[in-house]
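Try each task before you read its solution.

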Amino acid sequence: MSDFLSGLNLLADPAVVFALFIGSIGGVVIGAVPGVGAAVAIAILLPATFALEPLVGLTMLLGIYGSSMYGGSLPAILINTPGTAVNALTTYDGHPMTRRGEALRALGLAYGASFVGGILSIAALILLSPVLAKVAPLFGSREIFLAALLGIVLVVIAHRGQTLVAGSLAAFGILINTIGLEPVRYTQRFTFGQDWLSSGVDLIVVVLGLFALSQAFVLLTDPERAPITQRVQGNMFTAMLGVFRHKRVAGAGSFFGVLMGMIPGVGEFTAQFLTYTYAQKTSKDPDAFGNGSPEGLVASESANNAVPAAAMIPLLALGIPGEALTAMMLSVFYVHNVVPGPGLFQNSMDFVYALYIAMILLNVIVVVFMLFASNWLIRIIRVPTRFLGVMILTLSFVGVYSLRNSVIDCALAAGFGIIGLVLKRMNLPVVPIVLGMVLGGIMEVKLRAAMARVKTPLDFVDRPIAALLAIAIVLLIVGHVWGLFREKRRAVPENEHDHDIHDSQTR
Amino acid sequence: MARSKTFQDLFKRYRRPGDFIISLVSFLFGLALLAALPRQTTWVDGQPLFGQPAFWPTVAVWAMVVFSGLHLLGAMLSERIRGRTEEVVYWLRSIEFAIWFIAYVLIVPRLGYLPSTLIFTNLLVFRLGYRQARWFAFATLFSIAVVVIFKGLLHVKIPSGEIYSLLPSGKFRLFVMIWL
C-alpha cells in the first residue's frame with residue numbers, strides 16, 4: 001500500500017500531469033489520422049523525451065500508446081479506414097453500423113469498450129504486481145535469454161505466410177545490433193573500416209526510418225486522398241453506456257488482452273481474434289459478425305485496448321520488450337540508466353505503480369475528451385494525405401537530427417525509410433527488425449553471462465522457468481510446422497481470405 | 001472475400017507483386033554479408049564459443065542466408081503475380097522524397113532551422129501539386145509551430161544556422177541563434 005501511495009505522490013509532479021495530458025490528447029489525435037499511428041509519433045518524439053525525467057517521458061509515450069487506439073476507431077467506424085493497424089478488425093462491424101445509420105452507437109460502443117478494456121487490464125495488473133515482484137527475481141540470465149529467444153520465435157511464427165521473410169528480417173535486426181565496436185573484446189564488427197560505423201547503428205535511427213520516414217514516403221508517393229466524413233449527432237455518453245449491455249464480451253476482451261499482451265511478440269491481433277472468435281461462438285446472433293454486430297465491435301476494441309498495460313509487464317519485469325512500441329520505450333530507460341528488470345519490481349515498485357495509475361488516468365482523460373471531441377476529430381482526419389506526408393517528413397527530421405546532429409544518421413534513416421516503404425508495400429512487417437535489434441542485444445549479453453555457469457547443455461534448462469521456456473520454444477516451432485502441413489492438406493484457396501487484415505501500411 | 005475464419009488466418013500474409021525481386025535482393029545481400037563475414041568479424045583465441053565477438057554476427061548472417069534462400073526458392077516456385085515492374089517503379093519513385101529529406105538535412109546547418117523548414121515545406125507543398133494560397137499558409141504555420149515547439153519549448157539539439165552569424169551582433173542575433 002505504501003508503494004501505491006508513493007506512486008501517487010510521484011504523479012503529483014506538474015510536469016508528469018502535463019505530459020499525461022499532452023500524451024493522451026495527442027495520442028487520440030494521432031490515432032485518428034489514418035497514416036499516423038502511435039509508432040510514428042513515438043519514434044518522432046523519442047529523442048525529445050530523453051531530456052525529460054524518465055517518468056515524465058514514459059508517461060507521455062504511454063499516453064500516446066494507450067490512447068491512439070481510441071482515436072483509431074473513429075475513422076475505422078466512419079470511413080472504413082483504420083486509424084491504426086490494430087483498429088482493422090473494428091472496421092468489420094463498426095463501418096456496417098455506420099452504413100445503417102448507427103454511427104453514434106458504434107462510436108459510443110468502441111469508446112466504451114476501449115475504456116472497459118483499458119481499466120480492467122490495468123486493475124488486473126495492479127493486483128498481479130505483487131506476484132510479479134515475487135516471480136521476476138526467479139529470472140536469471142538464462143531465463144531472460146530464453147524469454148528473449150521466445151520473443152524472437154513468436155514474432156517470426158506470428159507472420160504465418162511470410163515466416164521466412166520475418167525470420168530473415170529478425171536476423172537482419174540482430175546483425176544491425178552487432179555492427180560497431182564490440183564492447184568486451186573491442187573488436188570491430190561489420191564496420192568495413194568506416195569510422196562512422198564504429199559507434200554502431202542507433203535504434204532510434206532505424207525506428208524513425210522504418211516507421212516515420214517510410215510512412216511519409218508512402219503518403220508522398222501515393223495519390224492524394226482526403227476522406228469525406230459526416231458529423232455525428234446525439235448523446236455520446238449514453239452511447240458509451242451501451243457497452244454495459246455487452247459486459248461478458250468486454251470482460252473476455254480484457255482477459256485475452258492482458259494474457260496476450262504479456263507474451264512477447266504476440267500482442268493485439270491475437271487478443272482481438274481470440275475475443276472475436278469467443279464472442280461469435282457464444283453469441284445468439286453469430287451471423288451478424290462482420291455485418292455490423294455490436295458484440296464484434298466490443299470484442300475488437302476491448303481486446304486491443306487491454307494490451308498496452310499488459311505489454312509493459314515483460315518490459316518492466318524482465319527488461320524484454322514484446323513489440324515495437326515497448327522496444328522504443330526501452331531506450332528511454334537506457335538513456336536514464338534505469339535498467340528495467342527484476343530489480344525494478346523489487347526496488348522501485350512505486351515507479352511501476354505510478355505508471356499504472358498514469359494509465360488509468362489517461363483512459364479517464366481520453367474518454368472524457370471523446371465525449372465532446374468526435375466532431376472536431378472528424379475535421380482533423382480530413383487532412384489530405386500528401387500534406388500529411390510533408391508534416392511527417394518535417395517532424396522526422398527533428399527526431400533523427402536532434403539525436404547527435406549527424407547527417408549520416410539522417411541518410412541511414414532515409415535508407416531505412418525506403419526499406420520500410422518496400423516492406424509496407426509488400427505487406428511485410430517491420431517489427432521483426434526492431435525486435436531483432438533489441439532482443440538480439442539482450443540475448444548476446446545474457447547468453448554470455450549464463451554460459452559462464454553452465455557445464456553441460458542440460459544445465460542450461462535445469463531450473464523450472466528455464467525448462468518451461470525451452471519447452472514452450474520447442475512446442476511453438478513444432479506446432480508451427482505441424483500447422484503448415486495441416487493447412488497444406490486442407491488446401492484452402494488464397495483468395496478465400498481477407499489478406500489485408502494485417503495491412504502494415506497503417507502501422 | 002471471406003473474412004477471417006480460423007485462428008491461423010489471423011497470422012496469414014500473402015505475397016504481393018515484387019515478392020520475387022525482394023527475395024532475390026535479400027538473398028544476394030545475405031550472400032554478400034556471408035562473403036564479408038571472415039574479414040568483418042574476429043574469432044578470439046581462448047574464448048568460449050558463446051562469448052566470441054563473431055558468434056552473433058555469424059548466427060545472424062547465416063540465418064539471413066537460409067531464410068532468404070528459402071524465401072527465394074518459394075518465390076521461384078510460386079505463380080507469378082502481375083504488376084512487378086509497376087511495383088519496382090513505385091519503390092524508385094519514393095527515392096525522390098528521400099533526396100528531398102537529405103537536402104533539408106543539409107541546408108539546416110547553413111540557413112538555420114526556421115528558414116530551412118519554411119523553404120522545405122513550401123517547396124515540397126508546391127512540388128506535390130498544391131497551388132492554393134491556403135496550403136502555403138498552412139505549411140508556413142506548421143513550420144513555425146514545429147520550430148517553436150521543438151527548438152523553443154523542448155530545446156532539442158539543433159545547431160543555429162551559419163547564416164545567422166552574418167546578422168549584426170546584439171539581442172536580435174542572440175534571440176535568433178537560440179530560438180530559431
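## Exercise 1: Annotated stretches of chain B

**Solution.** UniProt positions follow the numbering used here, feature names are shortened, and annotations may be inferred rather than shown by experiment. This is a predicted model, where local features need pLDDT of at least 70 and side-chain atom pairs count only at pLDDT 80 or more, while totals for chains, interfaces and linings use all residues. Residues are numbered from 1 along each chain as its sequence is written, and chains are lettered from A and ligands numbered from 1 in the order in which they are written.

Step 1: look at two of these stretches. Residues 90-113 of chain B are 96% helix and 0% strand, with end C-alpha atoms 31 Å apart. For residues 133-154 of chain B the values are 95% helix, 0% strand and 30 Å. Helices (H or I, at least four residues) and strands (E, at least two) are DSSP runs, numbered from the N terminus.

Step 2: widen the view. The unreviewed UniProt entry also lists "domain: DUF1468" at residues 21-159 of chain B. That span is 77% helix and 0% strand, and its end C-alpha atoms lie 41 Å apart.

## Exercise 2: The overall form of chain B

**Task.** Compare the radius of gyration of chain B with that of a compact globule of 180 residues.

**Solution.** Step 1: count the elements. Chain B has 6 helices and 0 strands.

Step 1: apply the globule rule, 2.2 Å times the number of residues to the power 0.38, with the radius taken over C-alpha atoms. A compact globule of 180 residues would come near 16 Å, but chain B has 25 Å.

Step 2: Along the principal axes, the C-alpha atoms of chain B fill a box of roughly 65 × 60 × 35 Å.

Step 3: check the domains, whose bounds come from an automatic or database domain assignment. Chain B is divided into domain 1 (13-77) and domain 2 (94-179), and 41 Å separate their centres, taken over C-alpha atoms.

## Exercise 3: Where the chains meet

**Task.** Work out which element gives the most to the side of chain A that touches chain B.

**Solution.** Step 1: define contact as C-beta atoms, placed from the backbone, within 7 Å. By this rule, 72 residues of chain A are in contact with 68 residues of chain B.

Step 1: pick out the element. α18(A) gives the most to this side of chain A, with 11 residues.

Step 2: examine α18(A). Of its 20 residues, 18 are buried (20 or more other C-beta atoms within 10 Å of a residue's own), so α18(A) is largely enclosed by the rest of the structure. Just after α18(A), A:Asn405 takes a positive phi of about 50°.

Key: Contact = placed C-beta atoms within 7 Å. Buried ≥ 20, exposed ≤ 12 C-beta atoms within 10 Å, placed from the backbone.
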